[in-house]
Every structure is written in C-alpha cells, then in structure tokens.
Amino acid sequence: MSRAEIPAQTAEKNETTTEKNGPTTPGLSAGETWRALYAHFRPHRGLVALGAVFALVGAVTGLMQPLAAKELVDRLSQDESVTGILIALTALVVLGTVIEATGGYILSRTAESVVLAARRTLIGRLLRLKLPEMERSQPGDLMSRISSDTTLLRAVTTQSIVAAGTGGLTAVATVVMMGMMDMVLLGVTLGVIVLIGGCVGLVMPKIAQAATRSQEAVGEISTRLERAFGAFRTLKASGAEERETAIIGAAAEDAWRHGVRSAKWESVAWSSVGLAVQVSFLAVLGIGGARVASGAISVSTLVAFLLFLFYLIDPVSKLVEAATQYQEGSAAIARIVEAERLETEETESTEETESAESTGRTTPAGKTGQAASVAFENVSFRYRDDLPPVHHGVSFEVPGAGMTAFVGPSGAGKTTVFGLIERFYEADGGRILIDGRDVRDWPTAELRASIGYVEQDAPVLAGTLRENLVFASPDATDGQIREVLVRARLDALVDRLPEGLDTVVGHRGSKLSGGERQRVAIARALLRRPRLLLLDEATSQLDAVNEMALRDVVAEVSREVTVLVVAHRLSTVTLADRIVVMDAGRVRAVGTHQELVAGDPLYGELAATQFLATVPESAV
Ligand SMILES: Nc1ncnc2c1ncn2[C@@H]1O[C@H](COP(=O)(O)OP(=O)(O)OP(=O)(O)O)[C@@H](O)[C@H]1O
C-alpha cells in the first residue's frame with residue numbers, strides 16, 4: 001500500500017467500522033483472538049494457502065529481477081549481447097505481475113467467502129436468539145455486527161495473514177540476498193530500518209485505540225438512527241427532528257474526530273516507512289559509493305543492492321499494513337465472538353417444524369388437528385433476576401377447544417401467559433402443560449407450529465400483503481389465502497387495491513390502517529391452521545362492524561381450536577366459555593361473565609367501568 005492510499009482507506013474505514021453500544025464489547029486475549037481468527041480462516045485455509053503461494057512466487061520473480069538487472073549491467077560493461085537477458089527481464093516482469101494479480105484475486109475472493117460464511121453464521125444465530133437475549137441487546141448494534149464487523153474480518157483473515165506471511169518471508173529472503181551482496185551495506189540498511197521500525201511500533205497501539213473509538217462513535221450513530229427511524233411519526237409529532245439531528249450530528253463529529261486521529265497515526269506510521277526507505281537509500285548510496293570508489297564492491301553490486309532495497313519496500317509495507325489491519329480487526333473479532341456467544345434456542349427446531357407441517361401438524365401424542373388443552377400449574381416467573389416476579393403461582397386449566405378470555409388490570413401478567421406458552425421465556429417454577437405435556441418436553445418448533453399468535457401490537461412486516469399472510473405458513477395455497485382473507489374481512493380491501501395481494505404495505509405496515517394491520521395479523525395466524533390460537537387484544541382497533549364479524553370468526557374457530565384471548569372489551573369477554581381474572585401476577589377467579597359479575601368484586605368493577613363503556617347492548 002502506498003502512502004497516497006492512506007486517506008481513502010481511513011475514509012472507508014469510517015464508513016464500515018462498527019458501533020459499540022449496549023453491552024460493552026469484551027476484550028479477547030491474544031490467544032482467544034487468534035483462535036477466533038483461525039476458526040473463520042480454517043475452512044478457507046486451502047485457498048488462502050494457494051493465494052499465499054501465488055503471492056510468494058510473484059515475490060520470488062520480483063526478487064530475480066535485480067539479479068537479471070545485475071547481469072544486464074555486467075554484460076553492458078563487458079560489451080556482451082544483452083538481448084537474451086532483456087527478454088528474460090521482460091518475461092520476469094510480466095510473469096511476476098500476472099502471478100501477483102492472480103494471487104490477489106484468489107485472496108480477495110476468499111476474503112469475500114470468509115465474510116459470507118461469518119455473516120451466514122451470525123444471521124443464523126441472531127435470528128435464533130432467545131428472546132431475553134434479544135431484549136438485552138440493541139438491534140442496531142446486532143445489525144452492525146452482521147454488516148460492518150464481518151467486513152473488517154475480510155482483511156484480517158486473508159490479506160493480513162498472507163501479507164504478514166509473504167511479507168515476512170520476502171523480507172527475510174531479500175535481506176539474505178542483500179547480505180550476500182554486501183554485509184556492510186546490509187548493516188547500514190538494517191540499522192536505519194530497526195530505528196524507524198521502533199517508532200512505528202510505538203504508534204500501533206494509538207491506531208488501535210483511535211480505531212476502536214471511531215467504531216464506537218459510528219455505532220452510536222446507527223443506534224440513534226435506528227431509534228429515530230423506528231418511531232418516525234413520534235419523532236415528527238414531538239418536534240424532535242432538530243434535537244435528534246444535533247445528537248446524531250455530535251456522534252458523527254465524534255466519529256470524524258477519532259477517524260482523523262487514526263488517520264494521523266497511520267500517516268505517521270506510513271511516513272516512517274517512507275522515511276526509513278529514503279534514509280536507507282541515501283545511506284547506502286553514500287556508503288556504497290565510497291565502497292565502490294575504494295574497490296570494495298563493484299558498481300553492479302551497488303546497483304543490485306539498491307534494487308533489493310527498493311524491493312524491500314513492498315514486504316515491509318505489507319508487514320506494516322498487516323499490523324494496522326490487525327489493530328482494527330481485533331475489535332471486530334471480539335464483537336463477532338460476543339454475538340456468537342449469545343444464547344440461542346435449540347437448532348433442531350427448523351427441521352422439526354417442517355416435518356410437523358408436512359405431516360399435517362402431527363404432535364408426538366398423535367393429536368393431528370385436535371384443539372390443544374392448556375394448563376398452568378402454580379407457575380412463577382420473573383423477566384430478570386433484578387426485577388420483581390410477574391407471576392406468583394399462576395394456575396388455571398383450559399380444555400381443548402372453546403374460548404377463554406384473560407382479563408385484569410394493566411400489568412397483571414396476561415400477555416406474559418402467552419409468552420410462557422410460546423416458550424419465549426422459561427418459567428422459574430411450576431409447570432405449563434399443553435395436551436398434558438410439559439412445554440419443556442416439547443421440541444420448541446413443534447410446539448410453536450401448533451400455535452397461532454396475534455401479538456398486542458399486531459406487527460406487520462415490510463413487504464407485500466401476500467408475504468405477510470404466508471409468513472407463518474409459506475406453503476399456503478391461493479385458495480387457503482382467499483379463505484382467510486374472507487374470514488378476516490380483508491377480501492374487500494384486497495379487491496380494492498390495484499395490486500391486490502402484491503401491494504407493498506410499507507415499513508411495519510405503515511401504509512395500512514391500525515384495524516387493517518390487526519386483521520392481517522389475524523389472517524396470518526388463521527392461515528397457520530393452529531390448534532391453539534392466542535389473541536392479545538387483537539380486536540382493539542377494529543371498527544364495530546369488523547369487530548362483530550371477527551368475533552363471529554373467532555367464535556367459529558373456537559369450535560375446533562382452543563382460543564385464548566387477552567380481552568379488554570366486554571363484547572369479546574361475553575362470548576368466552578370461561579374468563580380467567582388476573583391481578584398482580586395471580587389468578588383470582590375463573591368463571592363465566594354472570595358468575596364473575598356476581599362473585600368477583602374486581603371483575604365486577606372492571607365490567608362496570610371499562611368494559612361496559614364499550615359493550616353493545618345486544619351483547620349483554
Ligand atoms: N420483556 C419484559 N421484560 C421485563 N418486564 C416485562 C417484560 N414484559 C412485561 N414486563 C412487565 O411484566 C408485567 C406484566 O406484563 P404483561 O405484559 O404480562 O401485563 P398485561 O397484564 O398483559 O398488561 P396489559 O393489559 O397492559 O397489556 C408488567 O409489569 C411489565 O412491565
């Protein structure tokens with residue numbers, strides 16, 4: 001790498017470096033860093049070795065050029081023919097260039113493969129993260145590990161290793177050749193290089209420090225931007241554009257400052273290399289000239305030595321480049337390792353899901369298509385050790401089929417019931433039984449294949465309506481899609497849209513209304529043909545007509561499927577076969593609407609205030 005490339009490299013680094021927020025990136029020991037590096041490098045070691053061989057052969061052809069040049073000068077001074085040697089010299093130059101270019105291509109291609117493999121592994125792991133791990137992390141930070149950190153891996157696992165290897169070998173070979181030419185001149189050269197090399201060594205940790213800080217600042221930008229884009233309407237409605245711009249701008253300035261600092265130290269390092277070469281040239285020229293004058297060495301020896309000195313620039317530059325890239329890459333490797341160590345769910349899941357789906361959702365108990373029974377037995381649970389318990393011995397039983405409504409004040413732990421059934425979290429005590437079998441004994445994928453879950457905020461993903469509908473059941477036929485569209489009262493909307501099911505719904509479904517989003521989420525869950533349907537206030541944003549229609553659908557579904565619904569509306573609750581009243585992490589009563597109005601004061605109070613305000617007369 002030449003000095004002229006340094007600014008461009010620094011700029012690129014600023015764009016591709018990573019953020020460091022959320023959990024602090026742990027430092028890896030030198031041994032751990034190497035082991036992590038080796039793990040990424042190992043599958044590609046054959047190709048890296050091939051690239052290294054090409055690089056070495058290219059370097060050797062380069063080394064032979066001074067010898068040919070020496071022969072040329074000798075023949076010229078003796079008035080001999082130089083045609084043959086000229087052809088040889090030209091061939092060496094062309095061959096060297098071709099071999100080096102091929103080696104460079106092999107290495108760059110392998111580097112891309114290293115990045116691809118690392119990205120695939122990380123994507124696979126991060127999408128299988130346990131929910132609590134995801135909640136502890138920053139999505140922006142995790143994304144940057146897949147996009148930016150892996151990019152830094154590219155150079156460290158291929159070019160750097162090869163550059164250090166070939167650069168080291170070529171440097172040793174060049175030094176040996178120089179020693180064979182003249183030991184005095186070699187002593188002078190090495191003296192200058194060691195002196196200035198020491199200064200470069202002092203600068204290296206400063207590059208690492210500045211690069212890490214720059215990565216952190218770039219990470220801060222990603223996190224802040226992710227936050228702003230994630231709540232774009234709130235940002236605008238709050239008039240927070242300028243404040244956020246200033247905050248993100250400050251982070252950008254931070255990245256710039258550290259980037260500039262890194263560029264400064266890199267510049268010092270590269271200037272030192274240039275200085276070492278120039279001072280060596282001058283010293284060799286002066287002392288070598290004197291030795292030629294005194295007859296100690298010939299002119300051709302001096303010329304060859306100077307050429308060797310010239311060829312020493314490349315391996316020394318490679319060594320410096322490898323050291324610089326290592327400084328930058330070690331932080332990225334630490335962050336990748338940290339992400340790889342995050343706890344994931346068991347991986348047998350995918351295959352098991354597929355087999356469960358392809359065989360028509362057969363459970364181990366052979367209950368194909370049957371509604372699932374659900375039971376909580378004295379379940380206790382807290383989200384984190386430092387948080388108070390959310391469930392204090394929750395118990396209830398729900399037989400197969402029918403609708404069960406969960407009601408209770410906000411924060412009572414109703415949604416948490418669903419999270420535990422889905423095994424997003426593990427209960428701390430007690431048992432959760434589906435079909436009489438502890439959820440911990442179910443393969444997670446098989447368990448989830450039996451469940452249709454409509455979350456509280458009815459998430460819709462960016463993409464088309466069709467992609468959203470088949471998200472949980474990719475093999476659904478057009479006929480099945482049409483059927484759920486009608487059931488979820490989406491058919492009129494789809495018919496109205498010029499692009500129908502292929503209409504793009506925007507980021508988080510922002511081009512749909514709240515009620516449409518909820519209906520899409522319900523249709524998605526129904527398309528999965530679940531045995532257990534979990535609806536978390538899924539009808540809260542529906543207008544009266546659509547709500548009534550969906551209530552009928554849910555009532556119909558509940559004849560074959562067990563439906564659990566977290567309900568805030570009396571209209572939903574009155575349809576339920578049973579109502580579970582929760583308060584402060586406990587089940588305080590179970591019964592029908594009439595029984596509870598008469599027997600449970602809290603339910604009576606809820607029904608008299610919140611529910612009754614929205615209940616249509618016909619439903620009471
Ligand atoms: N992922 C989480 N991490 C930590 N605490 C959580 C998490 N999710 C919920 N909680 C807390 O657990 C408690 C119960 O939450 P849950 O969502 O189950 O209540 P809910 O009864 O469904 O309330 P609402 O009717 O308002 O939706 C609340 O105090 C909430 O702050």
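Modeller: Start with strand β3, residues 402-407. Five of its six residues are buried, so β3 is largely enclosed by the rest of the structure. Keep in mind that this is a predicted model.

Which strands does β3 pair with? One partner is β8, residues 562-566. The two run in the parallel sense and share five bridges. Within that pairing, Ala405 stands opposite Val565 of β8. Another partner is β9, residues 578-583. That pairing is also parallel, over four bridges. Here Thr404 faces Arg578 of β9.

The shell around the ligand holds 13 residues. Tyr383, Ser410, Lys414, Thr415 and Thr416 come nearest. Helix α12, residues 414-421, gives the most to this shell, with three residues. By class, the shell has five nonpolar, six polar and two charged residues.

Next, look at the loop between α12 and β4, where Arg423 sits. Its phi is positive, about 60 degrees, although Arg423 is not a glycine. Most residues other than glycine have a negative phi. Is Arg423 buried or exposed? Arg423 has 20 other C-beta atoms within 10 Å, so it counts as buried; the cut-off for buried is 20 or more.

Strand β4 spans 429-434. Asp435 lies in the loop between β4 and β5, and β5 covers 437-438. Asp435 also has a positive phi, near 55 degrees, and it too is a residue other than glycine. With 21 other C-beta atoms within 10 Å, Asp435 is buried.

Finally, step back to the whole chain. The domain assignment gives domain 1 at 27-340 and domain 2 at 458-529. Their centres, taken over C-alpha atoms, are 51 Å apart. An unreviewed UniProt entry places the feature "domain: ABC transmembrane type-1" at residues 49-328. In this model that span is 92% helix and 0% strand. Its end C-alpha atoms lie 23 Å apart.

To recap the strand you asked for: β3 is largely enclosed, with five of six residues buried.

Note on methods. Residues numbered from 1 in each chain as written. Predicted model: local features only at pLDDT ≥ 70, side-chain atom pairs only at ≥ 80, totals over all residues. Buried ≥ 20, exposed ≤ 12 C-beta atoms within 10 Å, placed from the backbone. Pairing = 2+ DSSP bridges. UniProt positions renumbered as here; feature names shortened; annotations may be inferred. Near = placed C-beta within 6 Å. Nonpolar A, V, L, I, M, F, W, Y, C, P; charged D, E, K, R; others polar. Domains from an automatic or database assignment.
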